Amino acid sequence: MTIKDETLLPDPLPPERRGWRTADLTRAALTVLAVWFGLQLLWSVRSLAILVFLATLFGVAVARGVDSLERFRIRRGIASALIVLGTLGAIGGVLALTAPTLVEQGRQLQREFPAAVSKVQTWIDSKRGGLLGSLISSAAGTGTPVDSMAAVVPSGGAPVAPAVDASGQAATESATEAIKRRLSDGLGSVSKYLFSFVSNTLAAIAAFVLLIFLAMYIGAEPDVYRGWMLAMVPATSRAQTRIVLAEISKVLRKWLVTQLVAMVVIGTVSYVVLLLLGVKAAFALGFIAGLLEFIPTVGPVLSAIPAVLMGFVDSPEKALAVAIAYWGIQFVENNLLIPFLMRGEMDLPPAITIVAQTLMTLVFGFLGLMVAVPLTAAVLVPLRMMAERENAREKLLVRGSKARQDLMRAEITPEVVMGEADRGPMVEAGDAPVVPTTPP
């Protein structure tokens, strides 16, 4: 009888696990519920979340200035307050100096805007025939060609009053009037939708004050808040997370500085160009162009609309010149100024930028439009770093695969090294060549 020592036997394999256990299902359900409640909470405080992101954006830039002032033995809290309050004082001083001109030209814009719209309407009426007239009619939604409006005012006779329906409204309506009405209704609804956050003056002032203090505190002690964020990350991932946060801070700071410089440059250049073209209220229009430059892609388009309309006050040719000038300014900005300021540190694809701006505007309104680009840049930082890491890993794998293939090829066809004894007779210089003879 053979006696075997069971202590020397290997441990039995655990039974094969199939399907989800109750603990796994419970954990998955709790995770889904936590994510759902988190999204609900974030949606309920979405305005505060956007405000905190804006404060973080400005706080990151303030922190860089605080680091510079700290070298002169200035405490970080005092340095942060000096930077924020000094910036606000400088902006207030510039506005105080330019306020009289800005108010006067703003009133001029308000007076001339109806005349500009009337000039546009007259120009559209003069282009009734052809493709443009069909497009205007379809845009107005009147369902009748523009030329059919000639029946309302017969040539050589008194104007015939248009027919009215039971509600007392005109049954027929000119295409330009319909377009004007639609634009007025659309702009009114868009203004209410986008600028709903300024409907309450007290709430706007409170939000501005909160933004200032949050930016001041974040700029004074950024490491404290970064440490709290890292405390929620597992210890094995903190090193990589710290690198990602540092890169996000760098990108956000670079974007903000670039936008501020672009605002000043575009506002100044627009003012000079409009002044050379002889457009009325050039200073106010340049100020609007510089202010809306903070909103990439959409802001320049919005700033060009009033400038082109003011060009129509003089002539359609001047309006066309203004449109071409604004396009040239944006072309130079996108191809020379922004690449020079960013130096390739943040390259956002235009399609992703437009989609992000549209989505954030539909969901959060005007505030979402303001933070769409920097938020997209912050989200793309870890994705870009992950892509670069995977690309480097792929190159290493390809290089290792090629090395293994070369090794296998060398083992299959080894190099044959022949010695001197294995070589045939060598022909010396001047000797006759050796001709092999065939044996009999």
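Here is a short chat about how some terms apply to this predicted model.

Modeller: A word on the ground rules: residues are numbered from 1 along each chain as its sequence is written, and side-chain values use heavy atoms, without hydrogens or water. In this predicted model, local features need pLDDT of at least 70 and side-chain atom pairs pLDDT 80 or more, while totals for chains, interfaces and linings use all residues.

Biologist: Which residues of H3 and H9 make the contact?

Modeller: Contact means heavy atoms within 4.5 Å. Among the residues involved are Leu95 and Leu109 of H3, and Phe283 and Ile288 of H9. The contact of H3 with H9 divides into 9 nonpolar, 4 polar and no charged residues.

Biologist: Why is alanine 215 called buried?

Modeller: Buried means under 20% relative accessible area. Alanine 215 has 5%, so the word applies. This alanine sits in helix H6 (residues 201-220) and touches Ala55, Phe58, Gly59, Val62 and Ser80, leaving out residues up to four places away in sequence.

Biologist: And what is the largest nonpolar core?

Modeller: Such a core is a set of buried Ala, Val, Leu, Ile, Met, Phe, Trp, Tyr and Cys residues joined through side-chain atoms within 4.5 Å. The largest has 29 residues, with Leu57, Leu252 and Trp255 among those with the most contacts inside it. Its largest share, 11 residues, comes from H13.

Definitions and conventions. Helices (H or I, at least four residues) and strands (E, at least two) are DSSP runs, numbered from the N terminus. Ala, Val, Leu, Ile, Met, Phe, Trp, Tyr, Cys and Pro count as nonpolar, Asp, Glu, Lys and Arg as charged, and the others, Gly among them, as polar. Buried means under 20% relative accessible area, exposed over 50%, partly exposed in between (1.4 Å probe, protein chains only).
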